[in-house]
Amino acid sequence: MQRISLVKQVHEWLEAQLREGDIVIDATLGNGFDALFLANKISPSGWLYGFDIQAEAIAASRLKLMPYPHVRLVHASHADMAAHIPFVWQGKVRACLFNLGYLPGGNKQVITQTASTLSALTAASQLLATDGLISIMAYPGHSGGDIETECVAQWCQTMTRQGFQLNTLISDATNAAAPRLFMLCKAQVPNNLL
Ligand SMILES: C[S@@+](CC[C@H](N)C(=O)[O-])C[C@H]1O[C@@H](n2cnc3c(N)ncnc32)[C@H](O)[C@@H]1O
């Protein structure tokens with residue numbers, strides 16, 4: 001059984017979709033690896049907004065993103081993202097990334113919570129441009145992660161009834177605890193990228 005690297009899948013998908021000048025959001029900055037990838041794609045004229053509830057995640061991300069001109073890192077819950085995205089960018093966001101769970105190398109007790117994750121997903125869907133993308137990496141293998149993953153899966157299904165296209169990948173289909181990737185798009189995604 002071949003295991004799929006879901007992080008690689010997200011980056012390959014976005015690599016093909018994002019352009020210099022785009023407005024993007026990293027909803028869970030963590031150590032800043034996804035944010036760095038996004039900043040590389042959209043700089044120098046694009047804007048990156050990043051959120052995390054942990055100061056150490058903001059600090060680690062800030063260090064990586066120092067060379068990039070249009071970056072705003074917000075020490076707040078992603079559930080409040082709409083309040084931090086300027087009005088002119090609302091409805092123009094090209095992509096919003098969620099990598100749920102805990103900060104690798106950090107406190108494993110501080111994890112994303114189902115209620116705030118669902119609020120943030122709804123906020124992100126409203127901030128998106130018509131061709132915008134949401135990716136969600138979910139981890140059913142840790143305590144609470146199974147319920148969060150199930151709720152995210154249900155939320156994604158409801159979005160398909162509102163004009164979103166959904167693709168779901170599982171890193172190991174034989175393992176119920178394996179990470180899952182949900183990719184949502186308001187427009188048609190070319191089949192060769194999914
Ligand atoms: C798996 S890590 C993200 C990995 C990151 N994208 C990277 O490239 O390193 C999950 C992060 O979500 C953060 N987090 C948890 N709850 C959050 C919330 N309500 N709002 C924003 N970030 C949150 C955690 O502090 C942690 O840093």
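Entry: I began with two helices, α5 and α6, which cross in a right-handed way. I kept in mind that this is a predicted model. I looked up which residues touch. From α5, I noted Thr114, Thr117, Leu118, Leu121 and Ser125. From α6, their counterparts are Ile147, Glu148, Cys151, Val152, Trp155 and Met159. I sorted this contact by class: seven nonpolar, three polar and one charged.

Next came the geometry. Packed helices are described by the angle between their axes and the distance between the axes. For α5 (residues 114-127) and α6 (residues 145-160), I read an angle of about 25° and axes 10 Å apart. Angles under 35 degrees count as roughly parallel, so α5 is roughly parallel to α6.

**Entry: another helix pair.** I turned to α2 and α3 (residues 55-65). Their angle is about 30°, and the axes are 9 Å apart. That makes α2 roughly parallel to α3. α2 passes α3 in a right-handed crossing. Ala35, Leu36 and Ala39 of α2 meet Ser61, Lys64 and Leu65 of α3. By class, the contact has four nonpolar residues, one polar and one charged.

**Entry: the sheet.** In what order do the strands of the open sheet lie? I read β3-β2-β1-β4-β5-β7-β6, seven strands with mixed pairing.

I then checked one pairing. Strands of a sheet pair through backbone hydrogen bonds, parallel or antiparallel. β1 (residues 23-26) pairs with β2 in the parallel sense, over four bridges. Asp26 has Gly50 in β2 as its bridge partner.

**Entry: helices on the sheet.** Which strands does α1 lie across? I found that α1 (residues 6-17) lies across β4 (93-99), β5 (128-138), β6 and β7 (180-185). It runs at about 170° to β5. α5 lies across β1, β4 and β5, at about 155° to β5.

**Entry: the ligand.** How many residues surround the ligand? I noted 22, the closest being Thr28, Gly30, Asn31, Phe33 and Leu103. The elements giving two or more residues to this shell are α2 (33-42) and β2 (47-52). By class, the shell holds nine nonpolar, eleven polar and two charged residues.

Technical notes
Residues are numbered from 1 along each chain as its sequence is written. This is a predicted model: local features need pLDDT of at least 70, side-chain atom pairs count only at pLDDT 80 or more; totals for chains, interfaces and linings use all residues. A residue is near a molecule or strand if its C-beta atom, placed from the backbone, lies within 6 Å of it. Ala, Val, Leu, Ile, Met, Phe, Trp, Tyr, Cys and Pro count as nonpolar, Asp, Glu, Lys and Arg as charged, and the others, Gly among them, as polar. Two strands pair if DSSP finds at least two bridges between them. Two residues are in contact if their C-beta atoms, placed from the backbone, lie within 7 Å. Axes are lines fitted to C-alpha atoms, for helices over the stretch in contact, and angles run from 0 to 180 degrees between N-to-C directions. Angles under 35 degrees count as roughly parallel, over 145 as roughly antiparallel, 65 to 115 as roughly perpendicular and the rest as oblique. A crossing is left-handed if the near helix is turned anticlockwise from the far one by less than a right angle, and right-handed if clockwise.
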